[in-house]
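Please read this note with the structure open beside you. The points below are numbered so that each can be checked in turn.

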2 protein chains.
Amino acid sequence: MSKVHNFSAGPCILPKEVLTKASEAVINFNNLDLSLIEISHRSKDFVEVMDWATSLVKELLNVPEGYSVIFLQGGASTQFLMVAYNLLTENGTGAYLNTGTWASKAIKEAEILGTVKVLASSEDKNFNYIPKGYSIPLDADYLHITSNNTIFGTQVKEFPECPVTLVCDMSSDIFSRKINVSDFGLIYAGAQKNMGPAGATMVIIKDEILGKVGRAIPSMLNYQIHIKKESMYNTPPVFAVYVSMLTLEWLKDVGGVEAIQKVNNAKAELIYGEIDRNPLFRGIVAEEDRSTMNATFVLEDESMNDAFNQALSDARINGLKGHRSVGGFRASMYNALPLESVQVLVDVMSNFRQ
Amino acid sequence: MSKVHNFSAGPCILPKEVLTKASEAVINFNNLDLSLIEISHRSKDFVEVMDWATSLVKELLNVPEGYSVIFLQGGASTQFLMVAYNLLTENGTGAYLNTGTWASKAIKEAEILGTVKVLASSEDKNFNYIPKGYSIPLDADYLHITSNNTIFGTQVKEFPECPVTLVCDMSSDIFSRKINVSDFGLIYAGAQKNMGPAGATMVIIKDEILGKVGRAIPSMLNYQIHIKKESMYNTPPVFAVYVSMLTLEWLKDVGGVEAIQKVNNAKAELIYGEIDRNPLFRGIVAEEDRSTMNATFVLEDESMNDAFNQALSDARINGLKGHRSVGGFRASMYNALPLESVQVLVDVMSNFRQ
């Protein structure tokens, strides 16, 4: 049987060698004759996993001195809340860029705790572009942006020059391209795209931005507590952290962020090339804002949807259905998706024209 | 090589057949040619996992009508906060029983949000007993208790007759004995003892107790949102929920809670019998409050600790070191630990005397 080409939007494809090692560790971890998931998180063997995962994040993203890296639970959705709890002062303002569903949710959670100002929004065109040219208030506590919008298929190509703390939700494009961590005060990402399975969230924080709000912060929402306890304030999501560690090892082995960025660019050129060339299809996002991670497109003639879905299914292409708020199709091409799978998809699109 | 006897306090031993199935699903889940951890949580295959896990909880614990079962992230530590957020009213009081480290943490988090009254505490004797005979204020919003105290080895044998909403942290003895769910307003448990791996938290809630506090509740901390979205408000911890489902299936197969309770009682009798019989050892908990899950004891002569540890190691007994706040030894005997392992430990203790 031919292999499945997994274009799932997330949880998404992981490297085969990562899955093999993860599967083995569930039976016998580090030759302990015990499963990874039945040992103490305080054991030497698991503490090493957490330390190594943290080190790999620092190495792969060139995290400078003065920043901490932690692994938490609760996904990006919990970060929407934690950002406001830890950074939004009583009389201050949290500035937000509204680029879609997840940005809107981040705004909603911050509004519970304080004053929010939305600097710009692309809601007028169903979030099919990234707003630019907005001005950032100098007295804002922070500016929150979403680097890649999984649902709509847009991506911030150049991060704004930001006079205040820049906070970025990178859940769906972390480790996919080079970033300059020192441009950011806080970066967070749910693991389940380019980093590992669902259940872990990684946060990179500039230490000096913390401890400046007056409010009492519940322990589980307090970045300073998790930093001090090295991601072990409570039992961490052992399996998700371990598989993230394996995925980061894999990324290092294939040449790191710079190397994977080239592959990601090649994959994006391949699919967007076909979308632009093939008169049956139309991209739905402003060209300059097209995401390298999630390519969204529709059939010009929607009555052909069923036939195209059949062609996808025949080629064992999985996960191409667009999100319900956009419709059409979405090809998610995270780090672990090989160029070969994109070629198979492009061939199906090309053949479908004939 | 003989097998390892895993007495870890948590994360802890899981049934071998659960580990085998979990390991297989990481490679190929439901014959999809895809890993469990690389498919959408909205796919039919995973929605069925969540539904089945929820149904098994309801079946195994006889959860009555009017209660919801959800799976969340963040461990019991996040529940300390969520209980107060959702149940502690602005002018009301949360009543707490302080039976150890985890109860103390629950109290601390609630104090951030409102008024807390500690009805009784066993701190005077380093938490080696369960306080009894306290009176419960009729105007309290709820009474919060911890059913089993992993660190100290105490367990509430009879739940108080409670005129207000009874909230119980059952992280370390859920599914180990019969309970009457209708006696409780809310039960929560981190998965990583009797239910599955770290990374999921199960909550059983009487629906009518919710929606009565005035405050705005952040989405991720709001039980009503998670109930409405059937544990899928955001991406759930897919692997941890799946392995919990497998463990609950295993429990059903071995006869359910009633059957496992008999085994747990037999294991407890075996170890406490030896502790009481063997003059080298002394139990450190009031006899009537001894936990069936975690048996704590010390050597009368501490200078023999190293020799005893060597004997444990020779018998491949793992995880018997007591928590640093108690010292000595702790035998954690969760559902998946076979009676045979306790017999091996008791034999080591008995032989050590000779």
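**Notes on the model**

1. B:Pro11 sits in the loop of chain B between strand E1 (5–6) and helix H1 (16–27), where helices (H or I, at least four residues) and strands (E, at least two) are DSSP runs numbered from the N terminus. The peptide bond that leads from B:Gly10 to B:Pro11 is cis, with omega near -10°. In chain A, a cis peptide bond likewise joins A:Gly10 and A:Pro11, with omega about -10°, and A:Pro11 is placed in the loop between strand E1 (5–6) and helix H1 (16–27) of that chain.

2. Before going further, please note that this is a predicted model, in which local features need pLDDT of at least 70, side-chain atom pairs count only at pLDDT 80 or more, and totals for chains, interfaces and linings use all residues. Residues are numbered from 1 along each chain as its sequence is written, while chains are lettered from A and ligands numbered from 1 in the order in which they are written.

3. Two residues of chain B have a positive phi although neither is a glycine: B:Asn30, at about 50°, and B:Phe175, at about 65°. B:Asn30 is found in the loop between H1 and helix H2 (44–60) of chain B, and B:Phe175 in the loop between strand E8 (165–169) and strand E9 (186–190) of chain B. Are these residues buried or partly exposed? A residue is buried if 20 or more other C-beta atoms, placed from the backbone, lie within 10 Å of its own, exposed if 12 or fewer do, and partly exposed in between. B:Asn30 has 15 C-beta neighbours inside 10 Å and so counts as partly exposed, whereas B:Phe175, with 26 other C-beta atoms within 10 Å, is buried.

4. Leaving aside residues up to four places away in sequence, B:Tyr242 touches B:Ala22, B:Ala25, B:Leu36 and B:Val49, a contact meaning that the C-beta atoms, placed from the backbone, lie within 7 Å.

5. In chain A, an open sheet of 3 strands has the order E11-E12-E14, with antiparallel pairing, and strands pair if DSSP finds at least two bridges between them. Its edge strands are strand E11 (281–283) and strand E14 (329–332), each of which pairs on one side only. Strand E12 (residues 294–299) of chain A is joined to E14(A) by 4 bridges, and A:Asn294 has A:Ser332 as its bridge partner in E14(A).

6. Chain A as a whole has 9 helices and 14 strands. Of its 354 residues, 53% count as buried, and its C-alpha trace spans about 65 × 55 × 30 Å along the principal axes.

Terms used:
Two residues are in contact if their C-beta atoms, placed from the backbone, lie within 7 Å.
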